[in-house]
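Please examine the sequence and the model shown below before reading the explanation.

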Amino acid sequence: MVKMFIVLVSVLAGYTTFAQNPMGNGNRNGNQQMTGSFYGKLIETKSAKPVEYASVQLVQNKFDSATRKRKEVVIAGMLTKVNGEFSLENIPVSGQFKLKVTAIGFKPHEQPVAFDLKMAGGNSGDFSSMLGALDKDLGNIKMDIDEQILGNVTVVSSKPGLQLGIDRKVFNVDKNLVSVGGTAVDVMRNVPSINVDIDGNVTMRNNSPQIFVDGRPTTMSLDQIPADAIESVEIITNPSAKFDASGGTSGILNVVLKKNRKVGYNGSVRTNLDSRARVGFGGDINLRQDKVNFFLGTNLNQRKSISKGTTGRTTFGNPNTELHQTDRSTMMGNFGFLRSGFDYFIDNRNTISVAGNFAKGAFKPTTVSEMLTEILTNPKTSSLSERSSNTKTNFKNAGSTLSYKHNFPKSGQELTADVTYNSSRNSSVNYIRTDSLDYLSHNVVKSSSQRQDGNGANQNFVFQTDYSNPINDKSKFEIGLRASARKVDNKNSFYIIDASGNLFYNPLLSVSYNSTDQVYAAYTTYSNRIQNFGYQLGLRVESSNYEGHLPAKNQDFNIKFPVSLFPSIFLSNKMKNDQELQLNYSRKINRPNFFQLYPYTDYSDSLNISRGNPDLKPEFTNSAELTYQKTFKNKDNFIASVYYKNTNDLITRFQVKEPSAVTNKDVLVNTYINASSSFVTGLELVSKNKMTAWWDMTTNLNLYTSKITTGISGQPQQDQFASWFAKMNNSFKLPKNFTLQLSGNYQSKTILPPGGSGGGGGGGGRGGMFGGGGGGGMFGQATSSQGYVRANYSVDAALRFEFLKNKQASLSLNVNDIFKTRRSDIHSESAYFSQDVFRRRDPQIFRLNFNWRFGKFDASLFKRKNLKNQNDQNGIEGMNIGQ
C-alpha cells in the first residue's frame with residue numbers, strides 16, 4: 001500500500017507540473033515531463049491476420065522557428081513485430097497527435113490519437129484509471145489491401161512472385177524455386193513472355209531481346225550470371241523513348257542483381273549438389289550503418305552438361321547425297337561470380353553508389369560425331385567417318401558502375417548520372433580430328449587433324465544522365481543524355497596438323513578482326529493526366545557510327561547513321577472497376593551485332609559453314625501495342641495485349657553457294673542479308689490468380705504469326721502460319737512449412753527466328769560459357785531463312801522445406817525436364833538441301849539446395865534528424881529478422 005501511494009503521488013505531482021507548463025519546454029524547475037505510451041496491433045481487414053514490418057509513426061504539428069511555419073514532426077516510430085504489434089514509448093502526454101501507418105500492399109492509414117487524462121474540477125477522480133490512461137491501448141487497427149497495386153502482395157517479408165504492369169512485368173526470382181542453384185538461363189524459363197531453347201538462347205515474342213544488367217548493357221551472357229545473384233527480371237515489351245532504341249524487334253530484358261538497403265546487416269549462405277555430383281557454393285551480405293550501405297555477393301559453381309543429337313540431311317545435286325549423323329557432347333567446367341559495392345548517403349538529398357562485378361570460368365567440351373554419307377547412285381555408294389572435337393575455353397568478365405543521385409526539395413524532382421564500364425576476354429583451343437573408316441570393318445583408313453585458336457576482347461563504356469521534373473501532381477517533364485562506345489578485338493588462327501603432330505598455319509582460314517562503334521543519344525518525354533486519361537509523348541535522337549578493320553587484309557568497313565529519330569506515344573485511360581486501357585507506339589532500331597558483321601568464313605563444321613556480312617545495315621521497327629488490364633477484388637490480375645511490329649531492312653539468314661577455300665568444291669555458306677521487310681502480330685494473355693489460400697497460379701499464352709519478305713528474285717519465301725506457346729507456374733503452400741512449385745510450358749510449331757540478336761546485347765544465353773549460342777557449330781543446326789521448329793513441351797518441379805526461427809533456413813530439391821520432353825527439333829530447307837536436326841540436353845537433373853538467411857535489423861536508424869537529439873529511443877527497437 002505504501003509503494004502504491006508513493007507511485008500515485010508521483011504521478012499526480014507530474015500531472016500538476018504538466019498542468020502548470022503544458023508546452024513542456026518551459027520546465028525551469030527541472031521536473032521530468034510526464035510521458036506515456038501508445039500500443040496496439042495491425043491486422044488485415046478481411047482475414048484478421050497480423051501485418052508485420054509495417055511502418056508506424058507518431059507525428060505532432062509544431063512550430064518551426066527556422067521557417068516560422070507549423071509543420072509535422074515525428075515524435076516516435078517503429079516497425080510492427082511479426083505478430084503485428086507495436087508500442088510507442090516515452091510519449092509526452094500533452095497535445096494532440098496523429099498516427100500514420102504504411103505497409104507494402106496496403107492503403108495508408110491515419111488517425112488522431114491523444115491521452116485521455118481527466119482531472120476536471122480539481123476532483124482527484126480514480127487514480128487507478130488515470131494511471132492506466134498513461135498506457136493507451138489503440139486496439140486492433142484494421143488495414144485495407146490496396147487493390148490498385150500491380151501484383152499480389154503477400155504480407156510477408158518477400159516480394160510477390162510476379163508484378164504486372166501495363167508497360168512492364170517484374171518477375172521476382174526469390175519465388176522461383178525451380179531455378180535455385182542454376183543460372184539466369186534457368187530463371188528465364190519461368191518468366192512470362194520469354195521462350196528459351198535448350199542452348200539457353202532467349203527470345204521474346206519470337207525475336208531476341210536486348211539484354212541489360214541493372215539497366216545498362218553488359219558483356220556477360222545469361223549463363224554467366226548465377227540465379228542466386230538475381231533479384232528480379234524486368235520484361236519491357238515496347239520501351240518508350242526514355243530507353244535505349246536498340247533491340248527494336250523484341251524489347252528489353254533487364255536483369256536486376258541483388259542489392260539490399262535494409263538498415264542493419266543481413267545476408268545468406270547457400271550450397272547445392274546436383275545428380276551429376278557437381279557442387280555449388282555462394283553467399284551474400286549487406287551492411288547498412290549511418291551513411292554507408294555495403295553489399296557483397298559471391299558464387300562458385302561446377303557444371304557438367306551432356307547432350308545428344310542426330311542430323312539427317314539430303315543435299316540436292318546430280319546425284320543426290322544423304323547424310324546420317326549422330327552426336328554426343330559432354331561439357332565439364334566451373335565458373336565463379338563476385339559482386340560488391342557501396343552506397344554513400346552524403347545527406348538526405350545526395351547519394352553516390354559504386355558497384356562492380358567479376359565473372360571467370362573454364363570449360364572443356366568434347367564431342368564425338370559419327371557420320372554415314374550415301375551417294376544415291378545406282379548402285380548406292382556409302383562412306384563412314386568419325387569426328388572428335390576437344391575444346392578448352394576460358395572467359396573473364398569485369399564490370400563497374402559509378403552513380404550519383406540528387407533529390408531536389410520538390411517531391412519527384414531528381415537528377416541522376418552514372419558511368420558504366422564492362423570488359424571481357426575469352427580464349428579457346430579446339431582440336432578436331434576426322435577419321436575415315438572402312439564401311440565394313442570400321443577400321444581407320446585415313447585421318448586428318450586441325451586446330452583452331454580463338455581469342456577475343458570486348459570493352460563497353462556507357463555514360464548516362466537523366467533529369468525528372470514534375471510540373472505539378474499530374475504532369476512531368478523528363479530529359480536525358482547517353483553516350484556509349486564499344487571496342488571488339490577478335491582473332492581466329494587455323495592450323496593443319498600433319499601425321500607427326502607438326503602445326504602448319506593456314507592464312508586462308510585465319511583472320512584477325514577488330515571493330516569500334518559509338519552511339520550518342522538524347523531524349524525528352526512529357527507526361528500528363530487529365531482526370532482518368534493520361535498520355536506520354538517522347539522523342540529520342542540517336543547518332544551511331546560503326547567501323548570494322550581487317551589488319552591482315554587491310555580492309556575497312558563503315559556504317560554511319562548521323563541522325564535517327566525515335567518517337568514514342570503512350571495513351572492510357574483508367575476505367576471503372578479497376579480497369580485500365582493503354583495504346584502505345586514506338587520506333588526502334590536493331591543494329592547488326594559483331595558476329596553478324598564478322599567477315600570471317602568458319603569452315604570448322606562442314607555442315608554449317610558460316611560467315612558474317614560487313615555490309616549489313618541496321619533494321620528499323622515500328623511497334624504498336626494495345627493493352628487491357630483488370631485488377632479483381634481478390635487481388636487477381638489479368639492483362640491482354642495485342643501487338644504489331646513492322647520491320648524494314650530485316651536482318652535475316654541467307655545461303656550462298658561458292659567454292660570452298662579448303663577443298664575448292666562448291667559448298668553452302670550461311671550468312672546474313674537485309675531482307676525487304678517483315679511483320680509480327682500476336683495476342684498475349686497473362687493472368688495471375690490466387691486459386692485458394694494455399695495455391696497461386698500464373699499463366700501466360702502467346703498467339704502470334706509472322707512473315708518475311710526477302711525481296712530477292714528467285715529466293716523462296718517463308719511459309720506463314722500461326723504459332724503459340726503457353727506457360728503455367730503453380731505454387732502450393734503445404735503444411736509443415738513445405739512449398740511445392742510446378743512449372744510447365746508448351747511451344748507449338750513455329751518458324752525459325754529471322755536473324756538472331758542485334759545490338760551486341762542479347763538473346764544469347766551461352767555465348768560466353770559454352771562457346772557460342774546462336775545456332776550452328778558442332779551439331780549442324782539450321783541457319784537458312786526457311787524452316788521451322790517442331791512442337792515441344794517440358795515440366796519442372798521443386799519442393800522446399802523452411803525451418804529454424806522465422807524460417808531462416810531452407811532445404812529445396814528441384815528437378816528439370818521431368819518427362820525428358822525438352823528438345824530442339826528443327827527442320828530447314830532451301831533450293832540446295834533439306835535437313836532435320838534433333839537434340840536433347842540435360843534432362844532430369846536433380847539439385848539439392850541449402851540456404852540459411854541471417855540478419856539484424858536496426859530500425860532505430862530510421863529515425864529522422866529531429867529525433868537524434870532526444871535522449872531516449874522513442875520506442876524503436878532492434879529486432880532479428882529472417883529475411
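This is a predicted model: local features need pLDDT of at least 70, side-chain atom pairs count only at pLDDT 80 or more; totals for chains, interfaces and linings use all residues.

Residues are numbered from 1 along each chain as its sequence is written, and side-chain values use heavy atoms, with hydrogens and water left out.

The structure contains 26 salt bridges, a salt bridge being a side-chain nitrogen of Lys or Arg within 4 Å of a carboxyl oxygen of Asp or Glu. One of them joins Asp 796 to Arg 822, with the closest N and O atoms 3.1 Å apart. Asp 796 belongs to strand β42 (residues 792–803) and Arg 822 to the loop between β43 (809–815) and β44 (824–829), so this pair ties together parts that are 26 residues apart in sequence. Strands are DSSP runs (E, at least two residues), as are helices (H or I, at least four), numbered from the N terminus. Asp 796 is buried at 7% relative accessibility, and Arg 822 is buried at 8%; buried means under 20% relative accessible area, exposed over 50%, and partly exposed in between (1.4 Å probe, protein chains only).

A salt bridge also links Arg 540 and Glu 542 (2.8 Å, N to O). Arg 540 is buried, with a relative accessible area of 2%, and Glu 542 is buried at 1%.

Asn 190 sits in the loop between α3 (184–188) and β10 (194–196) and is buried, at 10% relative accessibility. Its C-alpha is 7.1 Å from that of Ser 743, although the two are 553 residues apart in sequence.
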